[in-house]
Amino acid sequence: MRLRITGFEKRDLRCENCGVELTQEKAYTREINGEKHYFCCSHCADEFDSPIGGCC
Ligand SMILES: [Zn+2]
């Protein structure tokens with residue numbers, strides 16, 4: 001039996017902005033500077049994409 005992980009081989013999938021764990025269905029993908037990044041929602045993607053007033 002096989003899980004369908006076509007082109008999706010990241011195991012530890014986390015929101016790159018807030019660090020919450022993601023599932024394949026939940027992951028919000030955005031391409032930034034030619035690289036794929038994964039987030040929990042569009043808000044996190046926006047924050048990551050344009051860090052205005054983000055901490056550190
Ligand atoms: Zn997030």
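The model is predicted, so local features are given where pLDDT is at least 70, side-chain atom pairs count only at pLDDT 80 or more, and totals for chains, interfaces and linings use all residues. Residues are numbered from 1 along each chain, as its sequence is written.

**Overall layout**

- Going along the sequence, the pattern is β-β-α.
- The protein has 56 residues, and 12% of them count as buried. Buried means that 20 or more other C-beta atoms lie within 10 Å of the residue's own, exposed means 12 or fewer, and partly exposed is in between, with C-beta atoms placed from the backbone.
- Take the contacts between residues at least 6 apart in sequence: 21% of these join residues at least 24 apart. A contact here means that the C-beta atoms of two residues, placed from the backbone, lie within 7 Å.

**The core**

- Cys15, Tyr38, Phe39, Cys40, Cys44 and Ala45 make up the largest nonpolar core, which has 6 residues. Such a core is a set of buried Ala, Val, Leu, Ile, Met, Phe, Trp, Tyr and Cys residues joined through C-beta atoms within 7 Å.
- Strand 2 (35-39) and helix 1 (42-49) each bring at least two residues to this core.
- Phe39, one of the core residues, has a list of contacts beyond its neighbours within four places in sequence: Cys15, Glu16, Asn17, Tyr28, Arg30, Cys44, Ala45 and Phe48.

**The two strands**

- Strand 1 and strand 2 run antiparallel, joined by 5 bridges; strands pair if DSSP finds at least two bridges between them.
- Not counting residues up to four places away in sequence, Ile32 touches His37 and Asp49. The C-alpha atoms of Ile32 and Phe48 are separated by 9.3 Å, with the two residues 16 apart along the chain.

**The turn between the strands**

- Asn33 belongs to the loop between strand 1 (28-32) and strand 2.
- The hairpin of these strands has 2 residues between them, and Asn33 takes a positive phi near 55° there, although Asn33 is not a glycine.
- Asn33 counts as exposed because it has 6 C-beta neighbours inside 10 Å.

**Heading into the helix**

- Cys41 is placed in the loop between strand 2 and helix 1. With 16 other C-beta atoms within 10 Å, Cys41 is partly exposed.
- Cys41 and Cys15 are 26 residues apart along the chain, and their C-alpha atoms are separated by 8.3 Å.
- Ser42 lies in helix 1 and counts as exposed, with 11 C-beta neighbours inside 10 Å.
- Between the C-alpha atoms of Ser42 and Tyr28 the separation is 6.8 Å, and these residues are 14 apart along the chain.

Note on methods:
Helices (H or I, at least four residues) and strands (E, at least two) are DSSP runs, numbered from the N terminus.
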